Amino acid sequence: MHAKGTFEVKITPQSFAEGVGDPTVGRMAIEKHFKGDMEGVGRGQMLAVGTAIDGSAGYVAMERVQATLHGREGSFALQHNGVMNRGTPQLAITIVPDSGTDGLSGIAGALTIRIADGAHHYELAYSLPDVP
């Protein structure tokens with residue numbers, strides 16, 4: 001199955017916590033509002049590292065999405081893994097296995113993001129068990 005739509009995202013830098021990690025690793029709070037085939041909110045945290053080479057960086061993030069997806073309501077977790085190699089992006093966003101709850105229990109799949117004309121677009125390729 002496929003779900004498509006747009007989302008707005010707010011990324012808020014978090015202050016360095018003494019004794020937690022390295023201060024060169026940035027930590028951000030993420031909040032997304034999804035519209036389209038999936039209506040809901042995603043919240044999570046991102047860790048990112050930039051480099052001395054312009055256009056090279058990496059990030060990981062974990063996000064919990066609470067949404068209605070094609071009429072089924074529940075939540076699931078997304079795991080992000082992004083790399084920018086001298087301006088060339090690679091991004092993999094996967095639904096964490098067995099993270100679905102309520103009407104989205106058993107969900108599996110992956111999310112892709114496209115940014116065009118200043119807008120964020122998503123496509124979620126997913127599977128769900130039949131409703132008993």
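Helices (H or I, at least four residues) and strands (E, at least two) are DSSP runs, numbered from the N terminus. By that scheme, Ala-119 lies in strand β8, which covers residues 119-127. The model is predicted: local features need pLDDT of at least 70 and side-chain atom pairs pLDDT 80 or more, while totals for chains, interfaces and linings use all residues. Residues are numbered from 1 along each chain as its sequence is written, and side-chain values use heavy atoms, with hydrogens and water left out.

Ala-119 has a relative accessible area of 29%, so it is partly exposed. Between Ala-119 and Thr-68 there are 51 residues in sequence and 21 Å in space, C-alpha to C-alpha.

Side chains of opposite charge can pair when their charged atoms come close. A salt bridge here is a side-chain nitrogen of Lys or Arg within 4 Å of a carboxyl oxygen of Asp or Glu. How many salt bridges does this rule give? The count is two.

One joins Glu-31 and Arg-43, with 3.9 Å between the closest N and O atoms. This pair links distant parts of the chain, twelve residues apart: Glu-31 is in strand β2 (residues 26-36) and Arg-43 in strand β3 (residues 38-50). Glu-31 counts as partly exposed because its relative accessibility is 27%.

Lys-32 and Glu-63 form a salt bridge at 3.1 Å, N to O. Here too distant parts of the chain are linked, with Lys-32 in strand β2 and Glu-63 in strand β4 (residues 57-69), 31 residues apart. Lys-32 is at 5% relative accessibility and therefore counts as buried; Glu-63, at 2%, also counts as buried.

Notes. Buried < 20%, exposed > 50% of the residue type's maximum accessible area, 1.4 Å probe, protein only.
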